Amino acid sequence: MAAITHGLHRMTVQESNGAAIGQGGTIFIDDTAEHTGPFIGFIAITNAVLDVSECTSNIEDAADFTIEKGWTVYGQFDSLTLGSGTILAYKG
């Protein structure tokens with residue numbers, strides 16, 4: 001599937017269904033820079049700390065938290081920033 005470059009309102013049903021399950025591709029994140037999504041979730045490749053203060057997401061009133069290796073976190077993330085570790089973020 002090609003990279004998703006437009007909003008859901010302009011997608012076909014097949015494209016929007018694929019986007020909802022992360023078929024827009026992935027991005028490997030192993031630094032502390034801000035990465036712009038949108039992302040629909042991520043899996044921790046190593047133990048990772050999510051820097052919630054720097055993320056634009058549907059996580060409210062949360063402090064930074066550690067995601068154990070192998071855990072998957074689902075949500076709507078406009079941007080992701082790590083404090084440490086590595087993740088594979090799913091575009092959507």
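**View 1. Pairing of strands β3 and β7 at V49 and S84.** In this predicted model, V49 faces S84, a residue of strand β7. The two strands β3 and β7 run antiparallel and are joined by two bridges.

**View 2. The open sheet of three strands.** Strands β5, β3 and β7 form, in that order, an open sheet with antiparallel pairing. Strand β5, residues 65-67, and strand β7 lie at the edges; each has a single partner strand, so one side of each remains without a neighbour in the sheet. On average, neighbouring strands of this sheet are turned by 35° against each other, direction ignored.

**View 3. Strand β2 and its two antiparallel partners.** Strand β2 spans residues 35-44 and pairs with strand β6, residues 72-80, through six bridges in the antiparallel sense. Within this pairing, H35 has L80 of β6 as its bridge partner. Strand β2 is also paired with strand β8, residues 87-91, over five bridges, again antiparallel. In that pairing, A44 is placed opposite I87 of β8.

View 4. H35 belongs to strand β2. Is this residue buried or exposed? The relative accessible area of H35 is 15%, which is under the 20% limit, so H35 counts as buried. A polar contact of 2.7 Å links the side chain of H35 to the side chain of D31. When residues up to four places away in sequence are left out, H35 touches I27, I29, D78, S79 and L80. One of these, L80, is also the bridge partner of H35 in β6.

**View 5. The largest nonpolar core.** This core contains 13 residues, and those with the most contacts inside it are F42, L50, F77, L80 and I87. Two or more residues are contributed by each of the elements β2, β3 (48-50), β6 and β8.

View 6. T81 lies in the loop between β6 and β7, the latter comprising residues 82-84.

Technical notes:
Residues are numbered from 1 along each chain as its sequence is written. This is a predicted model: local features need pLDDT of at least 70, side-chain atom pairs count only at pLDDT 80 or more; totals for chains, interfaces and linings use all residues. Side-chain values use heavy atoms; hydrogens and water are left out. Two strands pair if DSSP finds at least two bridges between them. Helices (H or I, at least four residues) and strands (E, at least two) are DSSP runs, numbered from the N terminus. Buried means under 20% relative accessible area, exposed over 50%, partly exposed in between (1.4 Å probe, protein chains only). A polar contact is a pair of N or O atoms within 3.5 Å; within protein, one must be able to donate a hydrogen and the other to accept it, and residues adjacent in sequence count only if both atoms are side-chain atoms. Contact means heavy atoms within 4.5 Å. A nonpolar core is a set of buried Ala, Val, Leu, Ile, Met, Phe, Trp, Tyr and Cys residues joined through side-chain atoms within 4.5 Å. Axes are lines fitted to C-alpha atoms, for helices over the stretch in contact, and angles run from 0 to 180 degrees between N-to-C directions.
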